[in-house]
Structures are given as C-alpha cells and as structure tokens.
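Q: I would like to learn how to read a few features from a structure file. Could we go through them one at a time, with the general idea and then the case at hand?

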Amino acid sequence: MSPQSSSSRRRPLRTRHAATAGVAVLAAALSACSGGGDSSDGKAAAEKPKISVNLTGQQAKAGGPVTVKLAGGKLKQVTVADAKGAKLPGKVSANGTTWKSQRVAAPGTAYQVEAVSDQGGSAKASFKTAAPQQVNKVTLAPGKGTTVGIAQPLSITFDHPVRNKAEVEKQLKVTTSDGTTGSWGWIKNYDGKDRVDWRPKEYWKSGTKVKLDARLNGIDSGGGDWFVRDYATGFTVGKSQVVKANLDSKTATLVRDGKTVKSLPMSAGTPGGEKASWGGTSVLMSKEGTINMRSETVGLSGSDSYNKMVDYSMRLTWSGMYAHAAPWNVSYFGNTNHSSGCVGMSTGDAGWLYREAQIGDPFEVTGSGSKGTPDPGNGYGEWNLSWSDWQAKSALS
C-alpha cells in the first residue's frame with residue numbers, strides 16, 4: 001500500500017465530527033460543502049454550525065412565532081411546515097443568523113423544521129404544540145361566491161366568547177375592488193354570542209367585489225379558546241336597490257338606482273306596543289318562502305296569539321320582523337297599520353317583491369308609530385348607528 005493511498009483513507013477520520021446533543025440544539029450539524037480537498041493552509045473545513053429552535057418537545061406553547069437561530073455562518077432558507085405541508089411564512093434577519101415566522105404556531109400541530117445554510121448544508125428539527133383546551137369556530141356571512149344587496153355587511157359570529165378582541169381583529173383583512181371605506185365593529189348577536197361585522201361607511205356601490213381573509217389559525221381568542229384554521233369568503237354587490245316602507249303612507253316602495261320601480265300598499269305593525277314594527281334600517285337577511293309563524297316565538301299570547309302558514313316570508317330581524325304575504329289583512333292595506341309587527345302585503349305584491357328583492361337589500365322604515373330601531377345584533381341593525389359610533393365599536397379604535 002502506497003503512502004498516498006494510506007493518507008487518502010485516513011483523511012475522512014480527521015474531518016468527521018460527531019453530532020452534539022442538547023436541549024437548545026435540536027438538529028444535527030449542517031453538512032458543509034467543500035471544494036473536494038483540504039484548504040490551502042492544510043486545515044480541515046470549518047466546523048459545521050448548528051441550529052436551535054425556540055419551540056421544542058411535544059408540548060410546545062402555541063400562539064407565538066417560530067424562531068430558528070444558526071450558531072455560525074448564515075441562513076439561506078428556512079422551512080417550517082405542518083404534517084399537511086402548510087408552511088409558516090417567515091424572513092431571515094439582516095445578519096443572516098436568525099429566521100422568524102410571520103405567522104404563529106397553531107395549537108395541537110406537529111411541525112418539521114429544515115434550515116439551509118448559505119454554504120448549501122441543511123439541518124432538521126421538529127416539535128409539536130400543546131393541544132387547545134377548546135376550539136373556537138366561526139360562522140361567516142354572507143356565503144362565499146354570493147351576490148348581495150348594498151347594505152349587506154361582512155359578519156363573523158363566534159362559537160365561544162372572544163376576550164382578545166384586538167388581537168383577533170388584527171387578523172381580519174378585508175379587500176374591496178374599489179377601495180371602499182369601512183370598519184369592524186364588535187357587537188352581541190341576538191343569541192348572545194360575540195359577533196364582529198365590517199360595515200361600509202355608506203352603502204356599497206353596485207358591482208363591488210369584496211374578499212375576507214381571516215388569518216385566525218393559532219390565535220388565542222382568550223380563556224383557553226383557540227382558532228385552529230383560517231377562514232375566507234368573498235361576495236359581489238348586486239343591484240343598487242332599497243325598499244322604503246313608510247308607516248304614514250302605508251306603502252312599501254322598491255327604489256332601484258334612485259328610481260321608483262313600484263309602490264305596494266301595506267299594513268305594518270299596530271302602533272303603541274310590542275306589536276309595532278321596528279323603525280330605522282333593517283337588512284333583508286334571508287328569503288324563507290312559506291313558513292309557520294307562531295305568536296309565542298315573539299312573545300305574544302292571549303288575544304294576540306296566532307299560528308299561520310305564511311307565504312313569501314322575508315326575514316328582517318332575528319326577533320321576528322318579516323315582510324310577507326298577509327291576505328287576512330287585506331282590508332288594512334294602504335290605510336291602517338294593523339299587524340303583529342311585520343310588513344304585510346297582498347299575496348301578489350309580496351310575491352313580486354320576493355322575486356325582486358336581494359339578500360342584503362336595506363329596508364328603510366320611516367314614519368310614526370314604530371317601536372324604535374333594532375339593536376345592531378338584531379339582524380344587521382348597525383345601519384342605525386352613525387359612522388363615528390360604528391367606528392367606536394372597533395377594538396382597534
């Protein structure tokens with residue numbers, strides 16, 4: 001065996017280094033690339049640097065960013081991904097030694113970390129965050145891909161109370177095709193659940209496209225409740241139309257693009273008590289068709305009780321105000337408000353309005369004899385607040 005071949009076999013023994021274990025150091029040394037031989041001064045290649053991750057083990061704390069540090073050299077790229085391959089975006093610091101995620105680690109999630117140095121070597125680490133005590137879920141309105149009227153707000157209702165309202169609101173991004181001015185406002189839904197709505201300063205413009213990106217995955221809503229996914233929805237604003245219900249003239253008028261389409265004789269709620277209609281602005285929440293209406297659901301009994309199948313029902317509030325067909329009240333249409341709070345019309349007129357109206361159309365109720373305006377959470381009653389009062393309901397105001 002020649003000296004040259006013997007030296008060739010011994011060289012790897014001089015340049016191989018054992019991986020160092022420890023709590024802070026979570027990965028094997030980065031394997032440095034070389035030019036294929038010793039450096040010109042005869043020394044071995046530089047010692048392979050190591051990475052450390054701020055989150056370790058199987059019960060790591062969720063809700064904060066992931067930080068990866070390099071003991072020596074510079075980071076070129078870092079990937080932090082969950083078991084489904086979803087990656088946390090992040091950036092390398094100016095000095096190249098630290099990477100920090102721009103999204104937080106979600107609870108109950110296993111992550112794989114891979115770091116690549118500017119020399120081309122790589123190292124890996126892993127950790128898992130503790131499971132959430134309770135998951136908070138949301139209900140979004142309107143539905144994705146829908147076309148709605150000019151008064152429809154973006155609305156998010158939460159399954160559990162939200163105590164960290166400011167932090168949650170920071171994750172809610174609204175994008176509009178025409179730069180519409182609007183604001184989030186926190187309110188109580190009619191069922192007592194926390195709700196946050198994004199309302200434009202004024203009614204939407206027809207044709208506006210709206211997108212919501214709710215980046216809630218990994219956000220602590222407070223009290224041990226966590227969000228474990230992101231949410232998104234989007235909709236288009238349809239025809240610009242308003243239903244104007246006048247309690248004095250007893251007419252409901254559909255106005256489209258500022259022009260009257262048709263006025264319909266109506267009979268609204270009986271003035272002077274709980275049977276009076278809500279005034280102000282409500283929003284058409286749903287078109288429910290033929291439904292069973294019972295007096296006990298709105299707190300009426302005795303001589304005021306009723307149980308009817310009602311056609312062309314259009315919900316305006318959670319508390320039970322509708323616009324609908326009311327053929328039993330035909331003698332009152334156009335001359336007397338004599339219903340249990342709803343806006344009643346002939347079957348033919350109600351059917352026409354049912355076909356023409358859009359979910360999200362505003363119903364503006366004016367005139368005397370109403371019982372005031374509905375709370376913001378009773379349907380979409382936020383239009384009864386001034387713009388400044390609505391802005392004040394933002395947790396970031």
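Q: Is Asp-230 buried, partly exposed or exposed, and what decides the class?
A: Relative accessibility decides: under 20% is buried, over 50% is exposed, and partly exposed lies in between. This is a predicted model. Asp-230 has 32% relative accessibility, so Asp-230 counts as partly exposed.

Q: Which side chain meets that of Asp-230 in a salt bridge?
A: The test is a side-chain nitrogen of Lys or Arg within 4 Å of a carboxyl oxygen of Asp or Glu. Here the partner is Arg-103, with an N to O distance of 2.9 Å. Asp-230 sits in the loop between strand 17 (225–226) and strand 18 (231–237), while Arg-103 belongs to strand 5 (residues 98–104), so the contact ties together parts 127 residues apart in sequence.

Q: How many salt bridges does the rule give?
A: The count is eleven.

Q: Where do Lys-170 and Glu-167 lie relative to each other?
A: Both are in helix 2 (residues 165–170), three residues apart, which separates them by about one helical turn. Lys-170 is exposed at 55% relative accessibility, whereas Glu-167 is partly exposed at 34%.

Q: Which parts of the chain does the pair Glu-288 and Arg-315 link?
A: Their salt bridge has its closest N and O atoms 3.0 Å apart. Glu-288 is in strand 23 (residues 286–294) and Arg-315 in strand 24 (residues 307–315), so this pair links distant parts of the chain, 27 residues apart. The relative accessible area of Glu-288 is 29%, hence partly exposed; Arg-315, at 15%, is buried.

Q: What is the strand order in the open sheet of three strands?
A: Strands of a sheet pair through backbone hydrogen bonds, in parallel or antiparallel fashion. In this open sheet the order is 3-6-7, with antiparallel pairing. Strand 3 (75–82) and strand 7 (122–128) are the edges; each has a single partner strand, so one side of each lacks a neighbour in the sheet. On average, neighbouring strands of this sheet are turned by 15 degrees against each other, direction ignored.

Q: How many bridges join strand 3 to strand 6?
A: Seven bridges join strand 3 to strand 6 (residues 110–117), and the two run antiparallel. As for individual residues, Gln-77 stands opposite Val-116 in strand 6.

How values were computed. Residues numbered from 1 in each chain as written. Predicted model: local features only at pLDDT ≥ 70, side-chain atom pairs only at ≥ 80, totals over all residues. Heavy atoms only, no water. Pairing = 2+ DSSP bridges. Helix = DSSP H or I, 4+ residues; strand = E, 2+ residues; numbered from the N terminus. Axes fitted to C-alpha atoms, helices over the stretch in contact; angles between N-to-C directions. Buried < 20%, exposed > 50% of the residue type's maximum accessible area, 1.4 Å probe, protein only.
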